[in-house]
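Please read the following report with the structure open beside it, and find each residue and element as it is named.

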Amino acid sequence: MNQTPAYTTHHPRWYRTRISTYWWSRKWAYFRFIVRELSSIAVAYFVVLTLMQIHALRQGAEAYAAFEEWLRRPLLVTLNAISLFFLLYHAITWFNLAPKAIAARFRGKRIPDILITGSNYGAWLAISVGLVWLLSRG
Amino acid sequence: MAETITLEVSRYRPEQETEPTYQKYEVPVRKDWVVLDALNHIKDKIDTSLSYRWSCRMGVCGSCGMMVNNEPKLTCATFLSDYVPGPVRVEPLRNFPVVRDLVIAMTDFMDKLLRVKPWIIRDQEKPLSEGEYLQTPEELDAYKQFSMCINCMICYAACPVYGLDPHFVGPAAIALAQRYNRDSRDQGSQERLDILSQHDAIWGCTFVGECTKVCPKHVDPAGAIQQYKLEATKEWFKSFLLPWSAR
């Protein structure tokens, strides 16, 4: 532990432990937390990929075909599959944590966690179905 | 059931050693014994020099928090029989400086607790003649969970953020601030928000969530902090969009 201003130097004999750099590897819950934090990289990666896709689309049909060709490369497919896994991990853990932050009350009683989580998943499903419908229409 | 169990107790005697060592003690296992009973047995029968804090033996005073096999626990509520055949490692609460053996320095926590003003703040106290401040069961329910905190600091021992950054105000202090913010009799939430919307307070929390898991009183400090973040964000937007409505 670092020197804290609140701890005076008048107690030089207090023993202070140092937190290891690998503190997150000591406990399953800490490890899951770190994976969740790191999964934000996958989220950012997909944002960049989507922006690249939009950019290719604006360049015209030929550029978009080239972009699609580039996406089919085994390396890209592997990278995207791994990133998708972490993206889903991020999304699912995010929805599961949502009731902690939302302490909504109805008629004086707190809304059960399952309703908040459920409505998040419901919205996710509805938007996904809507998108699939929109894309399959044309 | 084994008749005895080995306790590996962390010893730190600053006048003798520069860092803690472990001392083994054989103690009897009894069905109704908790880890604290085993420590009391050691103190009474085996080694009078062992130092540790305890008081009520019933999960109310919050003084007997220690690491039991690497998990922060109230030792008065942790049954010895759950650890058979042992050994059981008992260490001082993590993330705090050790004063002696199992005794940690809690000065930092006390300072932080004071900073969040955990008491009812009124703009103007109403005269005694008007009677007490009344509260409905629903109003009580809004903060009751957070009021169960016994300041045992177990959540601080589970919080890696506090371990890595001792400036972090920490789970219990923020949950207790929420306890008063949610109280219908209190008018000090804006005062507390100024203190708690700092980087070393609610925004320091990365939502590991372990504080809630280890809390022996089911206070849910992680929830309190996330809800506070939401409220602070709303307040910020309000002051940004309607600057004239500010205090």
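**Chain B as a whole**

The model is a predicted one, and side-chain atom pairs count only at pLDDT 80 or more. In chain B, the secondary structure amounts to nine helices and seven strands, and along the principal axes its C-alpha atoms fill a box of roughly 70 × 40 × 30 Å. Of the 247 residues in chain B, 41% are buried. When one takes the contacts in chain B between residues at least 6 apart in sequence, 67% of them join residues at least 24 apart.

**The sheet of chain B**

Chain B holds an open sheet of five strands, whose order is 2-1-5-3-4 and whose pairing is mixed. Strand 2 (21-28) and strand 4 (71-74) of chain B stand at the edges with a single partner strand each, so one side of each has no neighbour in the sheet. From one strand to the next, the twist averages 35°.

In general, the strands of a sheet pair through backbone hydrogen bonds, and they do so in either a parallel or an antiparallel way.

| Strands of chain B | Sense | Bridges |
|---|---|---|
| Strand 1 and strand 2 | antiparallel | eight bridges |
| Strand 1 and strand 5 | parallel | three bridges |
| Strand 3 and strand 5 | antiparallel | two bridges |

Which strands does helix 1 of chain B lie across? Helix 1 (residues 35-46) of chain B lies across strand 1 (4-11), strand 2, strand 3 and strand 5 of chain B, and it runs at about 95° to strand 2 of chain B.

**Residues in the loops of chain B**

The loop between strand 4 and strand 5 of chain B contains Pro85(B), and Pro87(B) has its place in that loop between strand 4 and strand 5 of chain B as well. The peptide bond from Val84(B) to Pro85(B) is cis, with omega near 10°, and the peptide bond from Gly86(B) to Pro87(B) is cis, with omega near -5°.

Met153(B) is in the loop between helix 3 (137-147) and helix 4 of chain B, whereas His218(B) is in the loop between helix 8 (210-214) and helix 9 of chain B. Are these residues buried or exposed? Met153(B) counts as buried because it has 25 C-beta neighbours inside 10 Å, whereas His218(B), with 8 C-beta neighbours inside 10 Å, counts as exposed.

Cys159(B) sits in the loop between helix 4 (154-158) and helix 5 (160-164) of chain B, and it counts as buried because 29 C-beta neighbours lie inside 10 Å. Leaving aside residues up to four places away in sequence, Cys159(B) touches Asn95(B), Gly170(B), Pro171(B), Val208(B), Glu210(B) and Cys211(B). From C-alpha to C-alpha, Cys159(B) and Glu210(B) are 6.4 Å apart in space, although 51 residues separate them in sequence.

**Chain A and the contact between the chains**

In chain A, helix 2 (residues 40-59) and helix 4 (residues 74-101) pack at an angle of about 115°, and their axes are 8 Å apart. Helix 2 of chain A passes helix 4 of chain A in a left-handed crossing. Among the residues that meet there are Tyr45(A) and Phe46(A) from helix 2 of chain A, and Phe86(A) and Leu87(A) from helix 4 of chain A. By class, this contact has six nonpolar, three polar and no charged residues.

Helix 5 (residues 113-137) of chain A has 25 residues and reaches 36 Å from its first C-alpha to its last, close to the 36 Å expected at 1.5 Å a residue. The number of buried residues among these 25 is zero, so helix 5 of chain A lies largely in the open.

Between the chains, 26 residues of chain B are in contact with 19 residues of chain A. On the side of chain B that touches chain A, strand 6 (98-100), helix 2 (107-115), helix 5 and helix 9 (221-241) of chain B are the elements that give two or more residues, and helix 9 of chain B gives the most, with six residues. The residues of this side of chain B divide into 14 nonpolar, six polar and six charged.

Notes: Residues numbered from 1 in each chain as written. Chains lettered and ligands numbered in written order. Helix = DSSP H or I, 4+ residues; strand = E, 2+ residues; numbered from the N terminus. Buried ≥ 20, exposed ≤ 12 C-beta atoms within 10 Å, placed from the backbone. Contact = placed C-beta atoms within 7 Å. Pairing = 2+ DSSP bridges. Axes fitted to C-alpha atoms, helices over the stretch in contact; angles between N-to-C directions. Expected span 1.5 Å × (residues − 1). Left-handed = near helix turned anticlockwise from the far one by under 90°. Nonpolar A, V, L, I, M, F, W, Y, C, P; charged D, E, K, R; others polar.
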